[in-house]
Protein chains: 2
Amino acid sequence: MKLLDSGLNAVQGYKSAGIHAGIKKAKKDLALIVSDIPAAAAGVFTINKVQAAPVTYDKAVIAAGKPVRAIVVNSGNANACTGKPGLADAEIMAKTTAAALDLGLGLGAEDGSAVLVCSTGVIGVPLPMEKVESGIKMAAQKLSSTRESAIDTAEAILTTDTFKKEIAVEIIIDGKPVVLAGIAKGSGMIHPNMATLLSFIITDANIEAETLQGLLGTSISSTYNMISVDGDTSTNDTVLALANGASNTPLIERGTEVATKFAEAFDYVHAYLAKQIVRDGEGASKFIETKIVGAVQEADAKLLAKSIITSNLVKTAIFGEDANWGRILCAMGYSGARFNPDTVDLTIASSQGEILLLRQGAPVPFDEEIALAILKEHDIVITATLQDGKAEATAWGCDLSYEYVKINGEYRT
Amino acid sequence: MKLLDSGLNAVQGYKSAGIHAGIKKAKKDLALIVSDIPAAAAGVFTINKVQAAPVTYDKAVIAAGKPVRAIVVNSGNANACTGKPGLADAEIMAKTTAAALDLGLGLGAEDGSAVLVCSTGVIGVPLPMEKVESGIKMAAQKLSSTRESAIDTAEAILTTDTFKKEIAVEIIIDGKPVVLAGIAKGSGMIHPNMATLLSFIITDANIEAETLQGLLGTSISSTYNMISVDGDTSTNDTVLALANGASNTPLIERGTEVATKFAEAFDYVHAYLAKQIVRDGEGASKFIETKIVGAVQEADAKLLAKSIITSNLVKTAIFGEDANWGRILCAMGYSGARFNPDTVDLTIASSQGEILLLRQGAPVPFDEEIALAILKEHDIVITATLQDGKAEATAWGCDLSYEYVKINGEYRT
């Protein structure tokens with residue numbers, strides 16, 4: 001697998017655009033991602049009972065297994081808690097996109113279902129449809145496969161994010177390059193079972209929708225579902241993947257070596273985007289990785305890793321650069337996971353070194369100055385080594401800072 | 001039921017003391033509560049897998065159903081994650097107390113088990129036993145039933161709390177007054193399934209340990225277990241109740257009218273202390289009550305109320321005095337409870353009035369100025385009315401402020 005210094009533009013047979021439609025005051029707020037030919041599509045959505053209109057809309061498209069030509073995304077307005085008019089608006093977004101792209105009939109264009117729709121932003125406010133519709137037409141005119149368009153697209157889906165998240169990787173199948181590229185957005189309401197995140201992965205691999213959906217389900221459980229910014233699971237979380245086969249490589253069949261190679265690249269792209277989202281977590285001043293090794297089962301390891309990364313007390317301790325192992329062990333204790341607290345080894349590490357805090361569940365005297373030097377760094381790794389089994393898991397999160405309170409205490413006003 | 005302007009001193013047949021033993025720099029840090037005669041005892045403890053030594057110790061005493069003469073409490077050090085030496089220290093605290101009180105044999109004094117032990121404070125540091133032991137002896141000398149001693153006792157159990165929590169209520173049984181009084185402490189690591197709280201309720205009612213334990217279990221599920229400050233469940237949470245029968249009233253039998261009367265007073269004391277704990281939540285600038293009515297079952301109502309009160313995004317919105325119903329509905333959506341989002345009515349209220357934010361799941365236009373006037377108050381009530389059934393629940397919490405981050409980012413340093 002080769003990491004490309006690029007984004008969506010690196011994938012064959014796709015065009016994209018990101019423009020300012022006027023939903024936000026000044027920043028880009030509407031994106032289009034279009035495959036030249038029908039693409040196999042897979043999607044995973046929020047498990048929140050309160051689901052935004054585009055989530056309801058997309059779930060039906062994905063469930064029907066229809067090939068997809070385009071994804072249309074607006075930021076600045078979530079089209080959530082907007083009732084039946086909101087659902088109608090999501091459908092109009094799809095139909096307007098289909099019309100603007102002249103998708104024609106036979107691809108489900110007539111009912112708009114060849115287009116997937118995403119919205120992110122403020123909840124409970126009707127979409128300004130005039131702006132959205134004219135924006136879609138404008139974006140359709142600007143579609144291109146240039147690097148600039150890919151950057152515009154990555155930027156247009158952002159909300160409180162402070163930087164764009166994009167990645168492109170290349171694998172070789174049957175001697176030919178196959179590219180997977182993705183973009184994503186955070187950065188609040190980020191928690192288990194899908195973050196308030198939108199994430200779009202496109203590839204020119206040749207893979208059927210069902211296979212792609214299977215890989216997506218597996219991939220999110222160890223990537224997006226292992227990150228947390230604030231413990232809130234959003235109403236709009238959506239990960240969509242499109243595969244258009246434009247690489248002209250053989251069909252990727254389940255259970256083959258090629259499928260494994262593709263899955264590894266697919267997982268890498270998701271993990272990268274998931275980590276970028278927490279790196280850009282609201283108010284984050286630290287990036288925290290939590291590794292659990294030696295757990296009874298993977299489910300236990302995941303519960304432990306997630307519990308640590310979600311604890312407000314652990315997060316504020318890391319913000320305060322305090323090697324407070326008591327809070328870490330406490331968060332493990334209430335996680336609900338099976339483990340023996342009396343055999344836990346706990347370390348904290350960064351580029352400045354590693355320090356042992358607990359050996360066999362008991363505190364180890366450590367040099368506070370060395371601990372502080374380690375914790376002064378931006379990227380912190382907490383590792384808990386158990387003696388309970390062989391399962392492992394990793395979770396990613398960020399600290400809880402004054403800035404988080406500021407952003408969320410003043411978001412709407 | 002009559003509310004008394006008093007504390008532990010209002011209950012017949014008990015003495016108490018609170019002193020400075022030197023575990024903390026200057027503040028009181030050691031408390032004794034002693035019944036003149038053996039008392040029936042009940043206890044509920046943290047469900048965290050990492051349990052402090054005194055929790056382990058007390059659980060065994062309560063499980064054995066032994067009558068109890070005293071509770072000894074130190075603040076400033078949690079005696080948690082201290083291994084076998086920690087357990088030995090808890091036992092020494094009990095034995096030292098028994099000896100200082102000259103409890104004699106026959107009451108389990110020989111093995112110290114007639115004394116319950118609690119610790120709260122920093123995790124992972126061995127107790128300074130010399131100071132603890134001399135402190136216990138000093139406190140035993142100062143035992144009294146004066147108002148002043150009761151206040152000292154309420155103060156000596158505090159950690160980051162900014163005010164003491166105490167209450168006393170009187171009911172009449174068989175023509176005679178029976179008093180229930182309690183003290184408690186918060187104020188971080190406060191969450192479901194017992195907060196980092198210590199709470200001690202004493203009464204002169206005549207009730208057996210088994211009946212008292214049954215009432216305690218019921219009571220905490222709708223009081224302490226319905227509060228949250230920060231979502232962290234501590235290693236030391238303990239609620240203890242003693243009943244010494246000094247009121248000379250008839251034995252309270254299960255299922256009788258008198259038992260109901262006692263249970264109501266018991267619940268009232270717990271609910272009061274639970275609410276006081278969140279009022280004094282770390283960094284709290286607002287007190288938030290969340291009421292759910294019309295839920296399918298009480299379990300659903302509780303999940304919904306707890307999910308709202310625990311959401312960092314709801315908490316920061318209230319801190320920012322923002323009527324952000326979207327975050328409230330979102331938190332309900334990921335709670336795991338059964339409910340229909342399309343029939344939710346949502347209001348926010350305070351002493352300045354009430355405002356409807358959602359009707360039948362859809363946003364209602366409201367006057368932002370009126371909303372702000374309501375949210376400027378300290379006590380905020382969020383009410384969600386569902387159309388799904390007849391069950392209700394209430395939870396209590398506080399906002400998430402800069403001060404919370406400050407307190408927990410700088411706690412140890």
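Among contacts in chain A between residues at least 6 apart in sequence, what percentage join residues at least 24 apart? The share is 79%. The structure is a predicted model, and its chain A holds eleven helices and 16 strands. The domain assignment divides chain A into domain 1, covering 2–279, and domain 2, covering 287–409.

**Overall dimensions**

- Chain A has a radius of gyration of 22 Å, which agrees with the value near 22 Å that a compact globule of 413 residues would have.
- Taken along the principal axes, the box filled by the C-alpha atoms of chain A is roughly 70 × 55 × 35 Å.
- Of the 413 residues in chain A, 61% count as buried.

**Arrangement of the two domains**

- A distance of 33 Å lies between the C-alpha centres of domain 1 of chain A and domain 2 of chain A.
- Contact between the domains involves twelve residues of domain 1 of chain A and 13 residues of domain 2 of chain A.

**The side of domain 1 that touches domain 2**

- Two elements of chain A give two or more residues to this side of domain 1: strand S9 (227–228) and helix H6 (257–279).
- Helix H6 of chain A provides the largest share of this side, with four residues.
- By residue class, this side of domain 1 of chain A consists of six nonpolar, four polar and two charged residues.

Definitions and conventions: Residues numbered from 1 in each chain as written. Chains lettered and ligands numbered in written order. Predicted model: local features only at pLDDT ≥ 70, side-chain atom pairs only at ≥ 80, totals over all residues. Rg over C-alpha atoms; globule rule 2.2 N^0.38 Å. Buried ≥ 20, exposed ≤ 12 C-beta atoms within 10 Å, placed from the backbone. Contact = placed C-beta atoms within 7 Å. Domains from an automatic or database assignment. Nonpolar A, V, L, I, M, F, W, Y, C, P; charged D, E, K, R; others polar.
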